[in-house]
Amino acid sequence: VQLQASGGGLVQAGGSLRLSCAASGRSSSAAARGWFRQAPGKDRELVAATSRLGIRTYYADYVKGRFTIDKDNAKNTVSLQMDSLIPDDTAVYYCAATTLATNPTYYATDEAAYRYWGQGTQVTVSS
């Protein structure tokens, strides 16, 4: 499975950005997906996750109500719409995928469950 993330950039506080993660490879469409982020000097943390068909979603408390994860099953792409951005959202954002998820409602909140990772895209929010 290969993951290609795009859409990062520089935005002012209160602005929006949309990240996309395209997946390819065998069984990539059958994986649960997630977005993580890592700020300088901090551990990588989960931002949002979705089940392989996009039926169920999960959001970390610090982005709930501001970020939206959605999956385009036809394109096998997962997007992260980020609204009302704040400087604390500044980080490198990574998309990730689990191995094949037989349960269509399964999503993963444990980083150890994700086997495949994209290259990361920088998001910088200025105050």
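Visitor: Which residue of β3 stands opposite Q4?
Guide: A22 in β3 stands opposite Q4. This is a predicted model, where local features need pLDDT of at least 70, side-chain atom pairs count only at pLDDT 80 or more, and totals for chains, interfaces and linings use all residues. Residues are numbered from 1 along each chain as its sequence is written, and side-chain values use heavy atoms, with hydrogens and water left out.

Visitor: What counts as a strand here?
Guide: A strand is a DSSP run of E with at least two residues, and strands are numbered from the N terminus.

Visitor: How many bridges join β1 to β3?
Guide: Five bridges join them. The two strands run antiparallel, and β3 covers residues 17-24. Two strands pair if DSSP finds at least two bridges between them.

Visitor: Which strands make up the open sheet, and in what order?
Guide: The order is β1-β3-β8-β7, with antiparallel pairing. The edge strands are β1 (2-6) and β7 (67-72), each pairing on one side only. On average, neighbouring strands of this sheet are turned by 15 degrees against each other, direction ignored. The axes behind such angles are lines fitted to C-alpha atoms, and angles run from 0 to 180 degrees between N-to-C directions.

Visitor: New topic. How many salt bridges does a search of the whole structure find?
Guide: Six. A salt bridge here is a side-chain nitrogen of Lys or Arg within 4 Å of a carboxyl oxygen of Asp or Glu.

Visitor: Which residue forms one with D70?
Guide: R18 does, and the closest N and O atoms are 3.3 Å apart. D70 is in strand β7 and R18 in strand β3, 52 residues apart.

Visitor: What about R44, which residue is its salt bridge partner?
Guide: E111, with the closest N and O atoms 2.7 Å apart. R44 lies in the loop between β4 (31-38) and β5 (45-50), and E111 in the loop between β9 (91-100) and β10 (114-117), so the pair ties together parts that are 67 residues apart in sequence.

Visitor: And D89, where is it in the chain?
Guide: D89 is in the loop between β8 (77-82) and β9. Its side chain meets that of R66 in a salt bridge (2.7 Å, N to O).

Visitor: Is D89 buried or exposed?
Guide: D89 is buried, at 1% relative accessible area. R66 is buried too, at 15%. Buried means under 20% relative accessible area, exposed over 50%, and partly exposed in between (1.4 Å probe, protein chains only).

Visitor: Which residues are linked with D89 in a network of salt bridges?
Guide: R37, E45 and R66 are linked with D89 in that network.

Key: Helices (H or I, at least four residues) and strands (E, at least two) are DSSP runs, numbered from the N terminus.
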